[in-house]
There are 2 protein chains.
Amino acid sequence: MKTLRVPEATVTRLSIYSRFLERLDRNGVTTVSSGEIAEGVGVSPAQVRKDLAYFGEFGTRGVGYNVKDLMKYTLKILGLDQSWSLAIMGAGNLGFALCTYRGFNVRGFNIAGVFDNDPTRIGKRIGNLEVQALEKFPEIAERENIRIGVIAVPISAAQEVADLLVKNGVEAILNFAPVALNVPDEIEIRNVDLSVKLEILTFNLGFRAAQSL
Amino acid sequence: MKTLRVPEATVTRLSIYSRFLERLDRNGVTTVSSGEIAEGVGVSPAQVRKDLAYFGEFGTRGVGYNVKDLMKYTLKILGLDQSWSLAIMGAGNLGFALCTYRGFNVRGFNIAGVFDNDPTRIGKRIGNLEVQALEKFPEIAERENIRIGVIAVPISAAQEVADLLVKNGVEAILNFAPVALNVPDEIEIRNVDLSVKLEILTFNLGFRAAQSL
DNA sequence: TAACATATGTGAATTTAATAACATAAACGG
DNA sequence: CCGTTTATGTTATTAAATTCACATATGTTA
């Protein structure tokens with residue numbers, strides 16, 4: 001098998017293309033060109049074609065791409081032709097927002113449990129979920145086949161929660177705590193840092209000001 | 001002036017170094033090496049030095065970096081030696097979580113207003129803030145000198161809100177709606193897409209499974 | 001004070017990603 | 001059925017980012 005490494009930036013864009021295609025499909029658009037996708041998501045047409053080329057030939061020369069088909073292909077590539085069970089670790093404001101975030105359901109993610117260790121939060125309902133004690137995680141993780149954990153706890157608890165996830169068979173972690181977590185190499189982990197992008201903005205605003213002196 | 005373009009990845013890491021340095025400082029650490037920073041945030045030592053080199057020489061050969069000093073430098077570079085007033089647009093669950101997110105205050109961001117157009121939300125309190133009607137934005141933006149707007153509204157309202165921000169002098173936008181917004185070139189805009197990173201995880205889990213066949 | 005250990009700063013080499021350019025294939029019109 | 005148009009897929013080119021390697025500077029010890 002020809003195993004060509006796919007750049008993470010390509011996967012990121014694929015996820016964005018995929019959602020754009022879903023929108024086109026909902027709007028009844030049947031055919032789309034790389035140029036239109038590029039325009040819609042803010043990249044170059046060559047980039048779109050190059051990204052898709054990692055995975056095969058999906059278009060028709062002189063015509064473009066069939067929206068429904070390409071949508072399905074992108075979903076398949078991203079592993080979204082199946083449903084994934086998530087656990088949200090932490091039922092604070094961020095955990096709450098993640099539990100109720102529509103975007104996850106739409107893309108086939110199923111929030112199978114919310115966990116916290118704060119007694120005042122345990123038992124509370126979030127939508128049709130009930131906040132569970134952390135101790136319940138092993139049992140529920142097994143029953144619900146939870147392969148992905150989302151960490152939405154304070155920095156001080158993040159490593160401990162990551163350990164709990166790993167110990168109970170979670171294979172991938174999305175970490176919202178602004179700290180580098182220590183996990184075995186075989187665990188997929190990505191961080192989402194809410195203030196980093198804000199600081200890119202302030203950097204650029206300052207930088208621009210400096211350059212116009 | 002020598003204007004060397006700074007890669008965005010460098011700025012991203014700088015933000016992460018900066019926070020790591022604050023943590024070291026809180027823990028009473030006074031000196032740190034590029035290797036220790038690298039270890040702490042998960043990059044290579046050469047990367048740390050290269051990143052810092054865009055902005056000057058901050059260390060002492062054979063010794064390392066003074067934690068307090070380097071922390072101040074990184075904050076300065078990121079534009080965080082001043083306070084920035086933000087507006088959170090959208091008082092849904094995500095907007096709520098962002099309003100109460102500690103990480104922003106810690107880094108010098110001041111949430112100067114929360115806005116929504118839903119009458120059932122307007123007037124509600126979030127911490128010491130009161131949700132304001134969207135119509136109040138121009139007045140409050142001017143009074144509070146809001147230069148950064150955070151979009152936490154549904155896709156359907158995102159472009160309209162972006163237009164409102166731009167029209168009222170906002171210079172930078174952090175967009176949580178999973179859609180490419182149209183703004184003038186001089187506006188700094190960055191997107192945070194909560195499901196993209198999850199889909200990188202599912203892609204990798206699937207990819208790994210495919211490779212082990 | 002000389003030799004050694006340590007860790008920065010940086011130019012060169014390497015790797016990786018993005019862009020451009022173009023050959024190829026499909027559709028259409030006369 | 002041939003020429004024209006269009007848009008893909010792919011190769012070549014350019015650009016960018018990362019890693020490497022080492023010269024340089026500092027502190028320490030004998």
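Mentor: Start with contact. In this predicted model, 61 residues of chain B are in contact with 62 residues of chain A.

Trainee: What is the buried area between chain B and chain A, and how much of it is on carbon and sulfur atoms?

Mentor: About 5500 Å² is buried between the two chains, 69% of it on carbon and sulfur atoms.

Trainee: Why is the pair B:Asp193 and A:Arg19 called a salt bridge?

Mentor: The rule asks for a side-chain nitrogen of Lys or Arg within 4 Å of a carboxyl oxygen of Asp or Glu. The closest N and O atoms of B:Asp193 and A:Arg19 are 2.5 Å apart, so the pair qualifies. The count between chain B and chain A is four salt bridges. Polar contacts across this interface come to 18 residue pairs.

Trainee: Which element gives the largest share of chain B's side?

Mentor: α9(B), with 15 residues. Other contributors of two or more residues include α1 (8-26) and α5 (93-100) of chain B. By class, chain B's side has 36 nonpolar, 12 polar and 13 charged residues.

Trainee: How do you know how the two copies are related?

Mentor: A rotation of 180° with 0.0 Å of shift along its axis superposes chain B on chain A, at RMSD 0.0 Å. The copies are therefore related as by a two-fold rotation axis. In chain B, B:Ala97 comes closest to that axis, at 3.2 Å (C-alpha).

Trainee: What makes you say that the copies meet through the same surface?

Mentor: 100% of the interface residues of chain B are also interface residues in chain A, so the surface is the same.

How values were computed:
Residues numbered from 1 in each chain as written. Chains lettered and ligands numbered in written order. Predicted model: local features only at pLDDT ≥ 70, side-chain atom pairs only at ≥ 80, totals over all residues. Heavy atoms only, no water. Contact = heavy atoms within 4.5 Å. Buried area = accessible area lost by both parts, 1.4 Å probe. Polar contact = N/O pair within 3.5 Å; in protein donor to acceptor, adjacent residues only side chain to side chain. Helix = DSSP H or I, 4+ residues; strand = E, 2+ residues; numbered from the N terminus. Nonpolar A, V, L, I, M, F, W, Y, C, P; charged D, E, K, R; others polar. Least-squares fit on C-alpha atoms with pLDDT ≥ 70 in both.
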